[in-house]
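Trainee: I am new to this model. Can we go through it by asking what each term rests on?

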Amino acid sequence: MKTFHLTTFGCQMNEHDSERMKGMLAGLGYREAAERDGADLILFNTCSIRENADNRFITHLGEAKRLKREEPSRIVGVGGCWAQSVKEEVFRRYPFVDVAFGPGQIHRLAEFLASDSLTAQGYFEFEGFSGDLPMRRERAFQAWLQISQGCNCACSYCIVPSTRGRERSRRPADLIEEAQTLVGEGVREITLLGQNVNSYGRDLGKEERIGFSELLRELDGIEGLDRIRYTSPHPKDMREDVIEAHATLDSVCEHIHLPLQSGSSDVLKRMRRTYGRDRYLDRVAMIRERLPDCSLTTDIIVGFPGESDRDFEETLEVVEEVGYDGAFTFLFSPRRGTEAAELPDQVPHPVKKERMARLVELVQERATERARRFEGKTVEVLIEGTARRDPGALRGRNRQNRTVVFDGTGGVGQLVEVRIEATTSQSLRGTEVLASRTFA
Ligand code: SAH
Ligand code: SF4
Ligand code: F3S
């Protein structure tokens with residue numbers, strides 16, 4: 001039996017694509033190798049969102065080169081967004097690579113492996129949909145459901161539209177069927193994936209077109225599906241109907257990841273985000289009013305070209321005002337082929353670092369304050385495993401997507417009630433409420 005080793009970089013979309021690759025490879029009779037140096041097929045699913053993502057991958061690729069030299073019959077394959085962004089150039093720069101393919105071309109890997117091709121091959125069209133491939137899930141009780149592929153936005157810093165193509169929504173009937181199958185297999189929590197989930201459906205034909213909130217409603221109707229999450233919505237498309245879906249549908253969790261990127265309307269304009277600070281804060285106000293218990297998390301870019309001290313202060317102001325439960329913060333990284341890479345007034349690295357430190361401190365301070373609302377409360381937790389730093393304790397997440405570390409007896413995949421006793425910026429700490437005690 002042949003073996004493969006796959007290393008995944010990047011976002012949930014890539015993690016999910018990797019599950020598809022694994023499912024496909026299992027279908028071809030490949031078995032997963034524990035180590036790279038024991039594999040006949042060395043695969044990478046790459047990301048190119050920031051420069052450090054590229055660099056990390058290139059280091060790994062160096063090891064693949066060495067392994068290929070030791071055993072030339074090994075196959076080296078590179079898939080994902082980095083591959084798509086460099087296309088055929090990958091073979092010029094790294095001649096030991098045998099096959100390269102973009103995110104929409106995962107199925108071509110099977111074609112290549114079945115063909116015994118002796119020449120290097122690259123597949124970079126946008127026609128395919130990895131959503132239709134079999135998959136091998138990483139977790140028994142949680143699953144990704146890819147509702148759309150690609151992105152029609154034109155954020156000036158972002159490489160994704162060029163690596164994943166135009167937005168294409170999957171058909172509602174296919175999504176519901178896939179969700180039903182997952183639930184039938186024991187899945188209790190599904191995370192819907194898309195670059196801009198709340199523009200879902202706009203490209204579908206009239207007869208089958210439904211919007212994102214209707215999709216949530218349909219999925220909520222599936223018996224046995226306890227939790228629905230999604231990532232990411234775009235603030236420009238965050239409308240009342242989606243917020244209403246959170247308020248009225250039991251399975252839709254109380255967590256919204258609403259990427260801010262910057263708190264300055266000037267910067268947002270140059271980012272081509274199509275909303276300003278006020279409009280963003282309006283959406284937040286609408287969420288807070290209708291869903292007081294909802295967690296809000298975000299993405300922020302520090303040091304976008306031309307970001308002045310004043311612009312950055314505005315970002316801090318929004319962070320202060322919103323009070324996020326958490327934020328992913330990134331140093332701006334110029335990406336090949338994007339508009340922002342060519343903008344004047346690039347911010348010097350030390351200035352970016354200094355701003356980042358201030359931002360992270362404020363985010364953590366507010367996140368810790370927000371977490372305190374759970375102290376003394378009983379929350380529902382889906383158990384995911386044992387705690388990373390304390391194997392005697394259990395770990396899971398509550399509906400608001402906070403990590404909860406607790407003492408208890410529940411098993412992985414169970415929903416339990418946990419009473420929260422303490423909080424940090426990263427996690428909540430508590431004790432499982434046992435049924436007998438609940439009714440005592
Ligand atoms: N489609 C999603 C996620 C895109 S990538 C969305 O729009 O929310 C995830 C995050 O990476 C983005 O939200 C942004 O904050 C960050 N990012 C993207 N390009 C970047 C760049 N060139 N430099 C720094 N951060 C970037
Ligand atoms: Fe990139 Fe913007 Fe599309 Fe997100 S919405 S993937 S940041 S272009
Ligand atoms: Fe994801 Fe990285 Fe591509 S963040 S969409 S894998 S560039």
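Mentor: Start where domain 2 and domain 3 face each other: 9 residue pairs there are in polar contact, both residues at pLDDT 80 or more. This is a predicted model, where local features need pLDDT of at least 70, side-chain atom pairs count only at 80 or more, and totals for chains, interfaces and linings use all residues. Residues are numbered from 1 along each chain as written, chains are lettered from A and ligands numbered from 1 in the order written, and side-chain values use heavy atoms, without hydrogens or water.

Trainee: What makes a pair a polar contact?

Mentor: Two N or O atoms must lie within 3.5 Å; within protein, one must be able to donate a hydrogen and the other to accept it, and sequence neighbours count only if both atoms are side-chain atoms.

Trainee: Why is the pair Glu189 and Arg397 called a salt bridge?

Mentor: The term asks for a side-chain nitrogen of Lys or Arg within 4 Å of a carboxyl oxygen of Asp or Glu. Glu189 and Arg397 have N to O at 3.4 Å, so the pair qualifies. The rule finds 3 salt bridges across this interface, and 44 in the whole structure.

Trainee: What does Asp237 pair with?

Mentor: Arg202, with the closest N and O atoms 3.2 Å apart. Helices (H or I, at least four residues) and strands (E, at least two) are DSSP runs, numbered from the N terminus.

Trainee: What is found in the loop between β11 and α9?

Mentor: Ser232 is there. A cis peptide bond joins Thr231 and Ser232, with omega about -10°.

Trainee: How much area do domain 2 and domain 3 bury between them?

Mentor: About 970 Å², 41% of it on carbon and sulfur atoms. That is accessible area (1.4 Å probe) lost on putting the two parts together, summed over both.

Trainee: How do you know that ligand 3 lies between domain 1 and domain 2?

Mentor: Both domain 1 (3-123) and domain 2 (137-253) give residues to its shell, so ligand 3 lies between them. The bounds come from an automatic or database domain assignment. A shell residue has a heavy atom within 4 Å. Cys11, Asn14 and Cys47 are among those around ligand 3. The shell divides into 5 nonpolar, 3 polar and 1 charged.

Trainee: What does the shell around ligand 2 have, by class?

Mentor: 7 nonpolar, 2 polar and 1 charged residues. Cys151, Cys153, Cys155 and Cys158 are among them.

Trainee: What makes Gln195 a polar contact of ligand 1?

Mentor: A polar side-chain atom of Gln195 lies 2.8 Å from a nitrogen atom of ligand 1. The limit is the one given above, so the pair counts. A polar side-chain atom of Gln261 lies 2.7 Å from an oxygen atom of ligand 1. A polar backbone atom of Tyr157 is 3.0 Å from a nitrogen atom of ligand 1.

How values were computed:
Ala, Val, Leu, Ile, Met, Phe, Trp, Tyr, Cys and Pro count as nonpolar, Asp, Glu, Lys and Arg as charged, and the others, Gly among them, as polar.
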